[in-house]
Amino acid sequence: MHASVRPALSVNIPQTGTNTAARESAAALSMRMAISKVNFFYGNKQTLFDISMGIATNKVTALIGPSGCGKSTLLRTLNRMHETVRGARLEGEIVLDGNSIFGQDVTSLRRRVGMVFQRPNPFPKSIFDNVAYGLRINGSKVPIADAVEKSLRRAALWEEVKDHLHKSAYELSGGQQQRLCIARALAVDPEVLLLDEPCSALDPISTAKIEELLVQLKEFCTIVTVTHNMQQAARISDFTAFLLIGQLIEFSPTPQLFTTPGDPRTEAYITGRFG
Amino acid sequence: MATTTTTVPGAGPLAGSRSFLSRLRDGDEIARLGTFLFAASVVLITILLVYELWQGSALPRHQFGFSFFRTSVWDPVFDQFGALPFIYGTLVTSALALLIAVPLGVGAAIFLAELAPLRVSDTLEFFIDLLAAIPSVIYGLLGIFIVVPLMRRVIQPQLKHYLGFLPLFQGPAFGLGFLTAGVVLAIMIIPYIISVSREILLSVPRDQREAALALGATRWESTWKVVVPFARSGIFGSVFLALARALGETMAVTMVIGNTPVISASLLSPGDSIASVIASQFKEATGELYTQSLIELGLVLFLLTFILNGLARIMIVVTSKRGTGLGQA
């Protein structure tokens, strides 16, 4: 799919624009993934322009920007989900733990880089079978029941469902379904968890639960989340990337981006002048 | 069905206070009455149909009673009529047709919906719809000129040679018979299964596929373990549509089944089906009892379809409960 395979680059420091202090603080972190010079096309239309950034290990990285800025597209390149769309083409390099994600088997990549979608999308199966799905197709060695319990606990759903694991997932509320989807993704023990606007279809209370959960999950994996909700990004993320019409405008530690943005366009966006 | 209440509680003060006439003028009431009549006509036609079949078959019902279902003699000369061979033939040919058509049809639908490029899929869909629209007499001709000789010269001798020890494949290879009728029926119903199943598979939400892929499923795993189960009740629906067509198919079957009221374990044997015997004998039927016995066969076919459809519904509910953990289908 990717047109030009560049040699795996050494992990890049986040491109912070101007602030050198931020660059140095970021440099002290280890990077789980690195995106370098990514250009993305749907057919002839280019939707991402020369994006380079790092994803810090065991941190939450938020991608923000107005609708259509390419934040979801960028997220979906990280586990190569863009390849399921006809006519999608990527140039550039994305590295996971020092190895190009394009040089490996896509199914094993997706086991390492899990994904949660905008709308809760449980399978029409029982709660247990939903979480067990990934374990079963991957031929898990650990006992499935234990792994299911562990994932549900990590997703902060265990207490609510432990007495009816064999009920349909569709009987759960929207927020519970989304946490179930997170549990399903966690079950295969991914190193990175991608979330594509995970709260946009949920009520405020469910949203708060998921936000709290994401902060806790940092302990187990690296998190990248897309959100159109700036307050959410400010609350839960360690790093924030601001995208605008396919360009990475600014990428900084979250407190810095929201207090002293380095680019006037970032400032305009976070102060609500557009978007 | 339409409900009989015209005022909806909580629909606001307007809904209750508007007079019947003003609602009639605004079209609401016209739409409700009109669509209700259309829906009611379905029930009306069904009732009329059963009534006619019931009335028209009074004579054999009184003469034979329930033995009509148990007797395998069909002898117009001695006025002996039993439906069993025809029921048997209808069930056997339909079952054979499903046995052949379901794997082929569902497999083709999976290919068209999941694997084929969209342009190929749409082009093929056009031809499939075309096949579904071909009159059955044409399939009958196809059966007579191609399937029957092929059966007689190649397939049936081979079956006898390799599987002749089974009671299913014994007796002379006529070419005409249950097996041939089943094959021709299968050819006829495959387009239905493909067309409907493909639509159902295409309508499975994209996020279901993506959820599976994002967990590291291969494309086939996501298709077979997520998309197909999601579409299961719709695929069953396509199969029952096909079954209904097979049960009632007349022309193509009568041309290739051999028109002999025989119950035989061998699929190579000629036989007859309910629809086929009505079509082939009604014109020559002499005497009240003969004619009315044929009408009673029509009633039997109606009942058979009714029972099988009912069983199918139950099966959908049961399997979706078991398979998905859902309370409702």
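This is a predicted model: local features need pLDDT of at least 70, side-chain atom pairs count only at pLDDT 80 or more; totals for chains, interfaces and linings use all residues.

Visitor: How many of the 16 residues of H7(B) are buried?

Guide: The number buried is 1, so H7(B) lies largely in the open.

Visitor: How does one describe two helices that pack together?

Guide: Two packed helices are described by the angle between their axes and the distance between the axes. In chain B, helix H9 (residues 178-202) and helix H12 (residues 232-248) have axes that come within 8 Å and cross at roughly 155 degrees. An angle over 145 degrees counts as roughly antiparallel, so H9(B) is roughly antiparallel to H12(B).

Visitor: Is the crossing of H9(B) and H12(B) left-handed or right-handed?

Guide: That crossing is right-handed. On the side of H9(B), the residues making the contact include B:Leu185, B:Ile189, B:Tyr192 and B:Val196; H12(B) contributes, among them, B:Gly234, B:Ser238, B:Leu241 and B:Arg245.

Visitor: Which classes of residue make up the contact of H9(B) with H12(B)?

Guide: The contact has 12 nonpolar, 4 polar and 1 charged residues.

Visitor: What can be said of chain A as a whole?

Guide: Its secondary structure comes to 11 helices and 10 strands. Of the 275 residues in chain A, 51% are buried. Among contacts in chain A between residues at least 6 apart in sequence, those joining residues at least 24 apart make up 71%.

Key. Residues are numbered from 1 along each chain as its sequence is written. Chains are lettered from A and ligands numbered from 1 in the order in which they are written. A residue is buried if 20 or more other C-beta atoms lie within 10 Å of its own, exposed if 12 or fewer, and partly exposed in between; C-beta atoms are placed from the backbone. Helices (H or I, at least four residues) and strands (E, at least two) are DSSP runs, numbered from the N terminus. Axes are lines fitted to C-alpha atoms, for helices over the stretch in contact, and angles run from 0 to 180 degrees between N-to-C directions. Angles under 35 degrees count as roughly parallel, over 145 as roughly antiparallel, 65 to 115 as roughly perpendicular and the rest as oblique. A crossing is left-handed if the near helix is turned anticlockwise from the far one by less than a right angle, and right-handed if clockwise. Two residues are in contact if their C-beta atoms, placed from the backbone, lie within 7 Å. Ala, Val, Leu, Ile, Met, Phe, Trp, Tyr, Cys and Pro count as nonpolar, Asp, Glu, Lys and Arg as charged, and the others, Gly among them, as polar.
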